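Student: Could you show me how to read strands, helices and a chain contact in a model like the one shown here?

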Amino acid sequence: MPLLLRKVSHSRWKLPGDPSSDALRCLLTDRGDLSLWSVLDDQANLDDIVTALASNCEHLCKIDYFMIPQDQIEQLGIRLEAVGGATPALRANRWHIDAKDLTARTLAAIAHAMYVSGTHGRKSANQIKALLANALAANALERNSMKPSLLAELQ
Amino acid sequence: MTTSGRDIVPYQQGLIVPDAPQFTWGTETAQIAASLYPKPRFSIEHLASESWSFYEATSTLKDAYHIARLGAPPVTVFGTGIPQSSVATGIRLYSLADIATDIQDLRRPAIVFGVTGSLAIGAAAAQVSAKPAGAPVSNTLIANFRSQVQNAEANRRDAFAVWRRLNEVALVSTSEDGMEDEFTLALKRELTRYGATLLTVFESLCAADKLALNTQAEALKLFGRIKHFGTRSRRLGLLTKFLGNQQAGIRDAAAVGLSYMAEPAALDSMVAAAAVESDPDVKEFMVTVARELGIARTNAASFAKGIA
């Protein structure tokens, strides 16, 4: 069963509140849709997805994420739909998925599932820099779609 | 003669500033002041405080001004400290050695007292020296000093107001890693404007639990990321201090900030923090950052050796 990945900020999930309601800021939706990424069982595409997320940033930073088995989300009655991502990582965009038509209740349920049974991951800014540099060297990123401020930090 | 409700002891003749390499905090400063001021009716207890705020430092310097003013004769007031204090206070800085030399050269009676601050702007000292009565009065330096103190106080008041606004902005900002938002842009702007004073006020507000934890976390990350040379060492000190915060989320944000800053000098603090960290995720990241800082330190040493 694949995993679903969501970019978050772990500092926020570690504030008091088990977790704090501030953690919900990491789950901003767009017209009821939540952006997720599908990670293969063997996590072979994990670095590609993290690189895609980093390549979409305005500046170099660490990337935090939660991963949760897809079936746990589906058991919440949430509809998932493959929707191509919009990052400079053209080949990784196919792993993008939207959780559709979320309500406040289902969003809170996703947050709870992530917090209770999600797998936490983090790549430091240095690790991200290396991933982006390798991806650029391998022509895996569309340079023109990247923010100039980020590219400047990679020089 | 009184100022601020306290008695002023007449100046002592022939007092020389100890040419110590540096003032240390609190007690030692008080001892120095006591040796210079045998009847410690003026703010010795104040000097002994272990927890100086910028306001207290400013107030003490202001007291120096009052002593000078009430003492009638023309006076000279010097401040000394590490360079960051000039950012915060605008007070002209002299080294302790300079002051000692100056006093010796002038053979003036003098009162010197050190002012230290928890804000780590370093030691500041004020010297009040008197010329013989009847000499021409020149208050230019005092007027300048008074203006600087007033500016510093105004800056601090403004910085409090700025943080209140930033706290409100943070409440509605997305604060997504890697993206600028209203909060990060505003904080960058204000840090450039207020320098170390903004950091000092941040620390005060955090200690008083007056800033939302999410605001604190986002600010700490940005403190590590922003390129602002004038406050670099102050930000480094602040982030290092917050590695010991009681909230795991705040310690994590401080570690993230230090990873962005990539300052090898933070290595020892990071290793020490990792050793006692109770949250396994935060601990793991601290170890990662320590490893990266260790590599950076080795590279810096190799580079330096190559130059030599």
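Student: Which strand is joined to strand β2 (residues 34-39) of chain A, and how do the two run?

Tutor: Two strands pair if DSSP finds at least two bridges between them, and helices (H or I, at least four residues) and strands (E, at least two) are DSSP runs numbered from the N terminus. Here β2 of chain A is joined by four bridges to strand β5 (residues 96-100) of chain A, and they run antiparallel, with A:Leu34 standing opposite A:Ala99 in β5(A). Strand β4 (residues 79-82) of chain A is also joined to β5(A) by four bridges, again antiparallel, and A:Ala82 has A:Ile97 as its bridge partner. This is a predicted model, in which local features need pLDDT of at least 70 and side-chain atom pairs count only at pLDDT 80 or more, while totals for chains, interfaces and linings use all residues. Residues are numbered from 1 along each chain as its sequence is written, and chains are lettered from A and ligands numbered from 1 in the order in which they are written.

Student: How do α9(B) and α10(B) pack?

Tutor: Two packed helices are described by the angle between their axes and the distance between the axes. The axes of α9(B) and helix α10 (residues 232-242) of chain B lie 9 Å apart, at an angle of about 140 degrees, where axes are lines fitted to C-alpha atoms, for helices over the stretch in contact, and angles run from 0 to 180 degrees between N-to-C directions.

Student: How many residues does each chain give to the contact?

Tutor: Chain A and chain B give 23 residues each, two residues being in contact if their C-beta atoms, placed from the backbone, lie within 7 Å. On the side of chain B, α11(B) gives the largest share, seven residues.
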